Amino acid sequence: PSLDRTIVTHFLGLGYRNRITESTRLDPAGGAMNVARALYRLGKRIHPIIVLGDDATAIAYRALIREQGLDADVITTQGATRSRIIIFDTGHHSETEIVEEAATIQEDDLNRVILALRASIHPGDYVVLAGRVPDDDWVDLYTRLTRIIHEEGGYVAVLAAGSVLMETLAEQPDLVALTQTEVEAVFNFPVRQIDDIVTCGRRLIETGARRALIALSHSEGAVLVSEEGQWACDLGESEEGTSGGVWEGLIAGFLAGWLEQLSLDHALRLGGAAATFAAGQVGIEFGGRDEIRRLASSVSVAPVETPDVPSAPMNPSG
């Protein structure tokens, strides 16, 4: 998790006094919490499991999720909670991040996460695994959690890259979600065209994933690859906002459609609409169901037809 503070200024001047031009936002964020918040706004019942430190940042984080009505299992560890300051400069059209990293999570903390997961999961539940694995010794953490979830009759979406993702593929996660940049790192070659992305998605499925959702660079859209087919999604137009929450909105919208048993292309359209809404916000804010439905007509989803091409080699280093 990360406590995100978004500040808006006009023509940031380093070394000078700058004034804030809009109200500052404070959001309980981080990949998993962002997906949870977006799903909650779409009317889905969610139950986050998060690890926070024992500092003032954690106190603020807890207060914010209580205020938003989110029922969460909070695992407390010693040390700092991750936080970010995002400076949105409307004059230069840029974002600057200042990051305070979290304290190292201990083995006992992760064991408590596993216990909380076992206590809360029921057959048919969808579980999203997101966030950085804290240490190289835990590279198989998502693999272990995926195995537990499948044993309990649940479905798994994994938001990870690198060696953590490659380890998890052995357990056949129901969905893997990663960005175009992360795909390039996995396959160790430039991924520029839609055909390249589809080829990489196919390779992920051959290696174990059941579906692959890949976000295009610069929040331009996404590609979904599955055994049933492959589709490309272009986001609708929106006001200029900050980048936080766009990717998680896409995933949450897709998962909401999947939960409702929509066809995969319609679920992707719902995800594109949720991402479009988030892209127009300053800070991390997600749309409700009515708002997302209104935006869905502006989102383009089309099947991708690509010639048969050799599979891309995997990067041995992950």
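The legends below describe close-up views of a predicted model.

View 1. Four strands form an open sheet in the order 2-1-5-6, and their pairing is mixed. The edges are taken by strand 2 (25-29) and strand 6 (94-100); each has a single partner strand, so one side of each is left without a neighbour in the sheet. From one strand to the next, the twist averages 20°.

**View 2. Pairing of strand 1 with strand 5.** Strand 1 (residues 2-9) and strand 5 (residues 83-89) run parallel and are joined by seven bridges. Within this pair, threonine 9 stands opposite aspartate 89 of strand 5.

**View 3. Helix 2 against the sheet.** Helix 2 (residues 56-67) packs on the sheet, where strand 1, strand 2 and strand 5 are touched by the helix.

View 4. One cavity of 30 Å³ or more is found when the whole structure is searched. The volume of the largest cavity is about 40 Å³. Its lining consists of Ala38, Leu42, Gly249, Ala252, Ala274, Phe286, Gly287 and Ile292.

Conventions: Residues are numbered from 1 along each chain as its sequence is written. This is a predicted model: local features need pLDDT of at least 70, side-chain atom pairs count only at pLDDT 80 or more; totals for chains, interfaces and linings use all residues. Side-chain values use heavy atoms; hydrogens and water are left out. Two strands pair if DSSP finds at least two bridges between them. Helices (H or I, at least four residues) and strands (E, at least two) are DSSP runs, numbered from the N terminus. Axes are lines fitted to C-alpha atoms, for helices over the stretch in contact, and angles run from 0 to 180 degrees between N-to-C directions. Contact means heavy atoms within 4.5 Å. On a 1 Å grid over the protein atoms alone, a cavity is a set of points where a 1.4 Å probe fits but cannot get out, and a pocket is an open set with protein on both sides within 12 Å along at least five of seven lines; lining residues have an atom within 4 Å of a point. Grid points are joined across faces, edges and corners, and a volume is the space filled by probe spheres set on the points.
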